[in-house]
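Hi,

Here is the structure I promised to pass on.

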Amino acid sequence: MDIYGGQARMAAYMREHRDKVTDRWSELVVAGVRGRISPEEVSRELEDLYSLLLRVMVEADEHATGELRAALDELSRTRARNGFTPSETAISVFALKDAVYELLADAAELVPEYLTFSRTIDDLGLRTFETYSVARERIIADQSAAMLELSTPVVRLWDGIIAVPLVGTLDSARTQLIMEKLLETLVATGAEHAVIDITGVPTVDTEVAQHLLKTVSAARLLGARCAISGIRPQVAQTIVSLGIEFGDIATKATLADALALALRESGLKVGPA
Amino acid sequence: MDELPIQSGDDVVRVRQQVRIVAADCGLSLVDQTKLVTAASELARNTLVHGGGGRARVEVVKSGNGRSGVKIGFTDSGAGIPDLDLALTDGWSSGNGLGLGLSGARRLVDEFELASEPGAGTSVVVIKWSR
Amino acid sequence: MERVPIVKIGQTLFVSIQIDLEDDSVVRLQEDLADELTATGARGVIIDITAVEIVDSFIGRMLTMIGSISRLFDAETVIVGMRPAVAITLTELGLSLRGVRTALNAEKGLRLLNGTA
């Protein structure tokens, strides 16, 4: 059913009483967001939408409909970014129905057209919900990425020896980030030894082992010797029973053991002062 | 959208360079750019060496949720691949034993589509999205 | 076709790859290195790929082959300067370049070669 276009009579009436309708619409929207947006700003948002809507109601050509949708999407995204709920956002659109309905008290002949108009507004309001959720998901994804970045430090244990203490689960996204940071640090410090400590990794299954092996493989391509430390007794049992092979990668129970190994391989010794 | 011929070793280099430019413009991270260009290099080489030459099509695409990505299509009218499943297993090779690099290229991209008919050529389409 | 220059300093052959090489040039490099190793009896090869942005499976295999060929002439090969993005991509491709040694730069590569005399 075509709910856009073909509403020329309603559009003409709405154009004639533009100020009255948009003022009332603004009023309702400001109340709906409980004053968190200034009346001036609301007016600005709605004036634009009103004009675009009237155009579409007369003739729903692709260009006009596209522009209306784009303007609504922008409204929705802005609301999402500023922490408004999806309902508050949709209400901004639905409120126009109330404003127009009040107007129709004086124009009984337009009541039949109101149904079509109402459906148009419903469709637009629902659209804001969808745009809203897409925008929120994007924000959450960005925040997760920021958190991931913070939780992956690479530390310098000694000259030429760096460590990556891992805490939490190791999935492929995290592994990518770890590889990038580890390799960048190798280049920046010229380190030739890296220790990946997995004390804080709760479970080591074949997938996690793959991620570790990949990381070691990448570090080796930059000339670094790697060791994996922090293998707890239960983890050791799981690794063996799963048949995971670490090949020629040194594995140690503690970070301290791995550091001692790296020092030895660097030709250094720790002795009494 | 760019269409590039793949008829020589120089063409493979040109495909790499063009993909690099488009990927950078699209906002892909350095690592993602490198992965995509490397995958493109593998597939372009396949087109040349195993497909008898063909072409590559590079374009920017948009996903449902507003992300942009780079889509590359490789087509040739060569002998085709008789067993697609086998071709996609690691280490499979045909002809001169150098491997088709298809499974490797697949790991480097987000979306991978392979169509091939013996006698009717091969088409590979890959997409890498920006994050 | 571009030919990559090979420079001999002491007992080591230095190769610095500066541009995006097409396959023929890479194969040519392999041949030229074999020739140079025979002619000079050099004991080490350092291939600097600091400027290389893409290493795909073909180039990766060539590098491994260069390592094997060098060993036949009793020489050791060290690949230096691999970029992080390249290393990550090669790892994803499943190429570990076993058979060649690696180092962060030419200086470290040289130390590696001299240490294994």
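A:Pro165 has A:Asp197 as its bridge partner in E3(A). That pair belongs to a set of six bridges between strand E2 (residues 161-167) of chain A and E3(A), and the two strands run parallel. Helices and strands here are DSSP runs, helices being H or I with at least four residues and strands E with at least two, numbered from the N terminus. Before you read on: this is a predicted model, where local features need pLDDT of at least 70 and side-chain atom pairs count only at pLDDT 80 or more, while totals for chains, interfaces and linings use all residues. Residues are numbered from 1 along each chain as its sequence is written, and chains are lettered from A and ligands numbered from 1 in the order in which they are written.

**Chain A**

The sheet is an open one of five strands in the order E1-E2-E3-E4-E5, with mixed pairing; two strands pair if DSSP finds at least two bridges between them. Strand E1 (155-158) and strand E5 (250-252) of chain A sit at the edges with a single partner strand each, so one side of each has no neighbour in the sheet. From one strand to the next the twist averages 30 degrees (axes are lines fitted to C-alpha atoms, for helices over the stretch in contact, and angles run from 0 to 180 degrees between N-to-C directions).

H7(A) packs on this sheet and touches E1, E2 and E3 of chain A, with its direction at about 165 degrees to that of E2(A). By contact I mean that the C-beta atoms of two residues, placed from the backbone, lie within 7 Å. H8(A) lies across E3 and E4 of chain A and runs at about 155 degrees to E4(A).

Moving along the sheet, strand E3 (residues 193-200) of chain A is joined to E4(A) by five bridges, again in a parallel arrangement. One of the pairings is A:His193 with A:Arg225 in E4(A). How buried is strand E4 (residues 225-229) of chain A? Four of its five residues are buried, so this strand is largely enclosed by the rest of the structure. A residue is buried if 20 or more other C-beta atoms lie within 10 Å of its own, exposed if 12 or fewer, and partly exposed in between, again with C-beta atoms placed from the backbone.

**Chain B**

Chain B has four helices and five strands, following the pattern β-α-α-β-β-α-α-β-β along the sequence. With 131 residues, a compact globule would have a radius of gyration near 14 Å, and chain B agrees because its value is 14 Å. (That radius is taken over C-alpha atoms, and the globule rule is 2.2 Å times the number of residues to the power 0.38.) Buried residues account for 39% of the 131 in chain B.

Its five strands form an open antiparallel sheet in the order E1-E2-E3-E5-E4. Strand E1 (2-6) and strand E4 (111-117) of chain B are the edge strands, each pairing on one side only. Nine bridges join strand E2 (residues 54-62) of chain B to strand E3 (residues 68-76) of chain B, and B:Ala56 has B:Phe74 as its bridge partner in E3(B). Helix H1 (residues 9-25) of chain B packs on the sheet against E1, E2 and E3 of chain B, at about 160 degrees to E1(B). Helix H2 (residues 30-49) of chain B also packs there, touching E1, E2, E3 and strand E5 (121-129) of chain B, and its direction makes about 10 degrees with that of E3(B).

**The core**

The largest nonpolar core has 95 residues, and those with the most contacts inside it are A:Ala194, A:Ala219 and B:Leu36. A nonpolar core is a set of buried Ala, Val, Leu, Ile, Met, Phe, Trp, Tyr and Cys residues joined through C-beta atoms within 7 Å. H2(B) gives the largest share of this core, eight residues.

**Where chain C comes in**

Twelve residues of chain C are in contact with 14 residues of chain A. On the chain A side, H7(A) gives the largest share, six residues. Chain C also meets chain B, through 16 residues from chain C and 21 from chain B. There, H3(C) gives the most to the chain C side, with six residues.

Cheers
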